[in-house]
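Biologist: I am new to this structure. Could you please take one part of it, look at it closely, and follow what surrounds it?

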Amino acid sequence: MAAQGGAMNAGAAVRMRGLRIAYDEILTAEVDLDIAGGEIVVLLGPSGCGKSTILRAMAGLLEPVGGTAEVDGGSGEQCAMVFQEDALLPWRTARKNVEFALKLCGVRRGRRRAEALALLDQVGLDGFGDHLPGALSGGMRQRVQLARTLATQPRVLLMDEPFGALDAQTRADMQRLLISVWQRHRTTVLFVTHDVDEALLLADRIVLLTPRPARIQRIVTIDNPRAPGARFEPEFARRRYEILAALGEDAELGAANTVEAS
Ligand SMILES: Nc1ncnc2c1ncn2[C@@H]1O[C@H](COP(=O)(O)OP(=O)(O)OP(=O)(O)O)[C@@H](O)[C@H]1O
Ligand SMILES: [Mg+2]
């Protein structure tokens, strides 16, 4: 196993082919999508269309009724999920939470402490290792959660509205943190959000989904992804308009839904 503080396995390619997922025989998603190793793809779509369902199928938590979801040609064992609500063990300190994940991954006892501290350092929590989750802010708990997830050396990060419960400032900090973690590890990221700006700030490509069953309506490719200051460019506003129109989130914009797809 590679050193936890160092570079990990690069991101794996994801391939969904005719992937059909249903609850009680009611179809909720049907997707064909290829994601390159190391790419950040954001899923945007109406509430209840099936975004979380797609992530759960990728993580192997749900059995599809048809099609395939492959990670580098195999099963989804290399995927790790990050949820909106952190799932930390409240009776363990931040460091012990990360150490526990390292233990489950087979890291030797003697190395766990140093590796946990290195991971906490990476997510900006240097010095907070001995805090219990209850003594940390929401943003800090999400950082611990990210450190714990990185401990499992995932090749695909599945993130389901991970920053949805955070205030705007903390959310912006977490977006920057995710980009810096991604720059280091080049993990493939499949990210669900309702926030069009967040999608525009993070994504290489934004996948717009239809109402249930979630099908791909269009894919927006970002020309210069994650460029500093991009949010102040006219292109950013144009993209936002295009996406909101495509999602029909604004009745007036929806009526003018003729912006060209890219
Ligand atoms: N465990 C379940 N049993 C039955 N139906 C479910 C279950 N979980 C989700 N569904 C249904 O499947 C559909 C898709 O749900 P999903 O949670 O994937 O949507 P979503 O796009 O993530 O929505 P949101 O944006 O609100 O999080 C919804 O109509 C939902 O009611
Ligand atoms: Mg959801």
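Modeller: Glycine 106, which follows helix H2, has a positive phi, near 85°. This is a predicted model, in which local features need pLDDT of at least 70 and side-chain atom pairs pLDDT 80 or more, while totals for chains, interfaces and linings use all residues. Residues are numbered from 1 along each chain as written, chains are lettered from A and ligands numbered from 1 in written order, and side-chain values use heavy atoms, without hydrogens or water.

H2 spans residues 94–104; helices are DSSP runs of H or I, at least four residues, and strands are E runs of at least two, numbered from the N terminus. Its buried residues are Ala94, Arg95, Asn97, Val98, Glu99, Ala101 and Leu102, where buried means under 20% relative accessible area, exposed over 50% and partly exposed in between (1.4 Å probe, protein chains only). These buried residues pack against H3 and H4, a contact being heavy atoms within 4.5 Å.

Val98 also belongs to the largest nonpolar core, of 47 residues, where Val98, Met159, Ile206 and Ile243 have the most contacts. Such a core joins buried Ala, Val, Leu, Ile, Met, Phe, Trp, Tyr and Cys through side-chain atoms within 4.5 Å. H5 supplies the largest share of this core, 6 residues. A second, separate core of 27 residues includes Val14, Leu19, Val31 and Leu62.

H5 covers residues 168–185, and its buried residues include Met174, Leu178 and Trp182. Among the elements covering the buried residues of H5 are H3 (109–122) and H4 (138–151). Just after H5, arginine 186 takes a positive phi of about 55°.

Notes:
Expected span 1.5 Å × (residues − 1).
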